[in-house]
Amino acid sequence: MMLVHFGLELLKPEWKSAIVCIGTFDGVHLGHRSVIGAAVERGRALELPTVVVTFDRHPAAVLNPEKCPKAIGSLSQNLAWIASQGVSATVVLPFNAWLSRMSAERFLRELLIGAIRAESVVVGHDFAMGNGREGDTNWLSQRIGTTVIEPFELDGIRTSSSQIRHSIERGEMEFAARMLGRPFQIEGVVVSGQKLGRTIGFPTLNLARGIDQVMPPFGVYVGEVDGYRAAVSIGMRPAVQGDSRTIEAYLLDYPGEPLYSSPVRMDLFHRLRGEENFSSLDALTHQISLDVEACRNYAFPRVS
């Protein structure tokens, strides 16, 4: 269990002090987990709560919207992944124009120490806060006890949200999963589609997302949807004259009722092939049968 507070207006902590960990934490990858884990470990050693401070959106959405990166995970996903690390509470701050103009000194004194009662902070090596990013790790360490966590590397590559986005956009799902510590995940609700799949023996669910999330290139993927292996197609569906991107999945051996309006979670493990056009429905059906067999035989990797 983890307490979640949105904003500071109703936050009235009864703890006298806390270990505070600050960051955007989009995707809560292995690098983030090393930072959060260090904070949790320190909190347990000192018998203090560990409080994560994060934001409701990427700061670039306010500071530089044209260059704001697409999300790896939604806020609800990120909070669930933070909770899994043993954190006591997370405070989600609305990153708005007012907060973006706040000085590092005021952020530290009024928010971290005053409102959240930080005894010390744990941050990543490239952390900075306040207007103009003036509150870097050197600045922080001169004003409050500060633990700085070094970069987490995988195969000599620094694990970062930008590196994970790059891997996903290239369809490198296995490497993205290794950096995340789990498969890349899409959440959405099931909506009605063309219903063509049921006419050729492969009924699919169509997934509608709720965020502007980074996506892999068009193609067919080995996936899993709520515990069922799935052949997942992402793309324009040129074989049936599609005019917009869709995310649809055929669930292998699914025995249940249609999932319309249900929220589902989709994990993507491996890119089987790129998107193709087909000269006939028979050719499309044959290829889908091959994709389904490849999904059935795929050996799911273990990720920690």
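Tutor: The largest pocket has a volume of about 1,100 Å³, where a pocket is an open set of points on a 1 Å grid over the protein atoms alone at which a 1.4 Å probe fits, with protein on both sides within 12 Å along at least five of seven lines, and where a volume is the space filled by probe spheres set on the points, which are joined across faces, edges and corners. Of the 40 residues that line the largest pocket, Gly23, Thr24, Asp126, Phe127 and Arg133 are the closest to its centre, a lining residue being one with an atom within 4 Å of a point. This is a predicted model, in which local features need pLDDT of at least 70 and side-chain atom pairs count only at pLDDT 80 or more, while totals for chains, interfaces and linings use all residues. Residues are numbered from 1 along each chain as its sequence is written, and side-chain values use heavy atoms, with hydrogens and water left out.

At least two residues of this lining come from each of H1, helix H2 (60-63), helix H4 (97-100), strand S6 (128-129) and helix H7 (161-169), where helices (H or I, at least four residues) and strands (E, at least two) are DSSP runs numbered from the N terminus. H1 supplies the largest share, 4 residues. By class, the lining of the largest pocket holds 17 nonpolar, 17 polar and 6 charged residues; Ala, Val, Leu, Ile, Met, Phe, Trp, Tyr, Cys and Pro count as nonpolar, Asp, Glu, Lys and Arg as charged, and the others, Gly among them, as polar.

The second largest pocket has a volume of about 400 Å³. It is lined by 22 residues, of which Asp56, Arg57, His58, Ala71 and Gly73 lie nearest its centre, and the elements that give two or more residues to this lining are S3 and H3. H3 gives the most, with 4 residues, and the lining of the second largest pocket as a whole has 10 nonpolar, 6 polar and 6 charged residues.

Helix H3 (residues 75-83) also has buried residues, namely Gln77, Asn78, Leu79, Trp81 and Ile82, buried meaning under 20% relative accessible area with a 1.4 Å probe and protein chains only. Their cover includes helix H1 (30-46) and strand S3 (50-55), and H1 is also the element with the largest share of the lining of the largest pocket.

Definitions and conventions:
Buried means under 20% relative accessible area, exposed over 50%, partly exposed in between (1.4 Å probe, protein chains only). Contact means heavy atoms within 4.5 Å.
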